[in-house]
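Dear colleague,

I am passing on to you the structure shown below, and after it I set out what was found in it. Please keep it open beside this message as you read.

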Number of protein chains: 2
Amino acid sequence: MLSAAEQVTRSVQGHDADLPSRDARLAYRAGRVDVTAGVAPGYVQGNLAILPESLAASFHRFCQLNPKPCPIIGMSEVGDPRIPALGIDLDIRTDIPRYRVWRDGELTEEPTDIMAHWRDDLVAFVIGCSFSFEEALIADGLHIRHIDEQRNVPMYRTNIACKAAGPFEGRMVVSMRPFKPAEAIRAIQITTRFPSVHGAPVHIGKPELIGISNIAKPDYGDAVSIQPDEMPVFWACGVTPQSVILQSRPSFAITHAPGFMLVTDVRNSEFSIQ
Amino acid sequence: MLSAAEQVTRSVQGHDADLPSRDARLAYRAGRVDVTAGVAPGYVQGNLAILPESLAASFHRFCQLNPKPCPIIGMSEVGDPRIPALGIDLDIRTDIPRYRVWRDGELTEEPTDIMAHWRDDLVAFVIGCSFSFEEALIADGLHIRHIDEQRNVPMYRTNIACKAAGPFEGRMVVSMRPFKPAEAIRAIQITTRFPSVHGAPVHIGKPELIGISNIAKPDYGDAVSIQPDEMPVFWACGVTPQSVILQSRPSFAITHAPGFMLVTDVRNSEFSIQ
């Protein structure tokens, strides 16, 4: 079996210059600013975290220790804005529609490129996102409640401790999708195939067991309806690494702005291990 | 990927004359009478259903339509007591420690062999059993409650209708094992690999949704404890085909007696699709 990294390499070697994902990045690079939901269907979108080299090794170790909330799908060399494994011509400084710049843990700017902020000591991490497995769930005939209700996915802080690395520690954030029990079993089977984009759920039913006291009040995103014959199913969420980074109050960090993801040239199906 | 039948064939072609499963069958053939739990660990045990040819085609179709409760792992030719795919020298008339003979849906005898009952028009079906996947769950570090509590697995009649074929119709019987949510997710992943022995659960949590009004009162087997941080997980059960056969009140049928299974030469691991 190929590793995810080898799959990415293989993908890029056979890449097509007319990819819709590449077209999207070029449009963002040229100044377009839009949320990326629905852009380049079938292609992986990722969360962005950029840190100074002095913090990057600890953060990399944090991700290694916590692969379910923090699956790294690409990272740059120190000071190099390219991540060829995710797109031959990708430039992490310009190809995301909107960024957030953080100093000492405080949001200071929301620029549409980070040319003025890039430094020779920065390392960019791209972390998998549940868009990839949601596409597989929908392809199998399942309905995703927050999509049907045209809301953001509900997300909750839990009492599940991440494993600490250097200054990075904190609790896991989870996303929730309600399903009937037999659908939940199918959703577990399908998302198990996608370990690079959060994989199988971390919890099912009984929200109180993971420290969620009110399922109707998510900590991030929007509440969605849950029917009496449904159960909440919880996946590790890519908001976790951002939340952990900001809690550590790093001197400098850059992330994507919520909803404005990195669109990559990797196909969602390439992250399926079956 | 090989089909289960091809895997069985491959297994038998490479079979070892000193198999513990074969030794067990020879002992039963020689007159030993014991329940088969714990016998020949690592080897598949199966449920037995023998029907006259006039009913066998309908029953075969019933199993085909309902593979989760009725996974056929072997069947005989009409009138032939051998099932070489499950054991080169297997004789279905003598190799099970105790049988049940049914006439017009009523239990008439519990013999230790069926030499006197065998007929030229009989067809034997061997149906997978959850022992195989329980071994895989235990190997992964999960605890099976009814094994820890030294009881029979709790089984329940549900409101889940099987698909009908000829005279065979009825509701699915399920077995239940309680797990903490994260363990339940792992158990779903592991049993998904074993479609020939019931596969993934059919239901999780909320027993009332499948017509189980009192989880403390199983219809077959024994009740087991369920802790507040656990949820019941339900698998399709091999008792279903027996229950459906007897409901149809066939003129003649033979089954194994509960707990006295057919021990085969197929390794449990051969039924794993990964």
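This is a predicted model: local features need pLDDT of at least 70, side-chain atom pairs count only at pLDDT 80 or more; totals for chains, interfaces and linings use all residues.

**Two helices within chain A**

H4 of chain A covers residues 131-139 and H6 of chain A covers residues 181-192, and the two pack with their axes 10 Å apart, at an angle of about 130°. Because angles of 65 to 115 degrees count as roughly perpendicular and those over 145 as roughly antiparallel, this angle makes H4(A) oblique to H6(A). As for handedness, H4(A) passes H6(A) in a right-handed crossing.

**The corresponding pair in chain B**

In chain B, helix H4 (residues 131-139) and helix H6 (residues 181-192) have axes that come within 10 Å and cross at roughly 130°, and H4(B) and H6(B) are therefore oblique to each other. The crossing of H4(B) past H6(B) is right-handed. Phe133(B), Ala136(B) and Leu137(B) of H4(B) make the contact with Ala187(B), Ile190(B) and Thr191(B) of H6(B), and the residues of this contact divide into five nonpolar, one polar and no charged.

**How the two chains are related**

Where H6(A) and H6(B) come together, their axes are within 10 Å and cross at roughly 75°, which makes H6(A) roughly perpendicular to H6(B). On the side of H6(A) the contact is made by Ile185(A), Ile188(A), Gln189(A) and Thr192(A), and on the side of H6(B) by Ile185(B), Ile188(B), Gln189(B) and Thr192(B). This contact of H6(A) with H6(B) divides into four nonpolar, four polar and no charged residues.

**Salt bridges**

Side chains of opposite charge can pair when their charged atoms come close. Over all chains, a search of the whole structure finds 38 salt bridges, and one of these may be worth looking up: the side chains of Arg249(A) and Glu106(A) meet in a salt bridge, at 2.9 Å from N to O. Arg249(A) lies in the loop between helix H7 (239-247) and strand E10 (252-256) of chain A, whereas Glu106(A) lies in strand E4 (residues 106-109) of chain A, so the pair ties together parts that are 143 residues apart in sequence.

Definitions and conventions:
Residues are numbered from 1 along each chain as its sequence is written. Chains are lettered from A and ligands numbered from 1 in the order in which they are written. Side-chain values use heavy atoms; hydrogens and water are left out. Axes are lines fitted to C-alpha atoms, for helices over the stretch in contact, and angles run from 0 to 180 degrees between N-to-C directions. Helices (H or I, at least four residues) and strands (E, at least two) are DSSP runs, numbered from the N terminus. Angles under 35 degrees count as roughly parallel, over 145 as roughly antiparallel, 65 to 115 as roughly perpendicular and the rest as oblique. A crossing is left-handed if the near helix is turned anticlockwise from the far one by less than a right angle, and right-handed if clockwise. A salt bridge is a side-chain nitrogen of Lys or Arg within 4 Å of a carboxyl oxygen of Asp or Glu. Contact means heavy atoms within 4.5 Å. Ala, Val, Leu, Ile, Met, Phe, Trp, Tyr, Cys and Pro count as nonpolar, Asp, Glu, Lys and Arg as charged, and the others, Gly among them, as polar.
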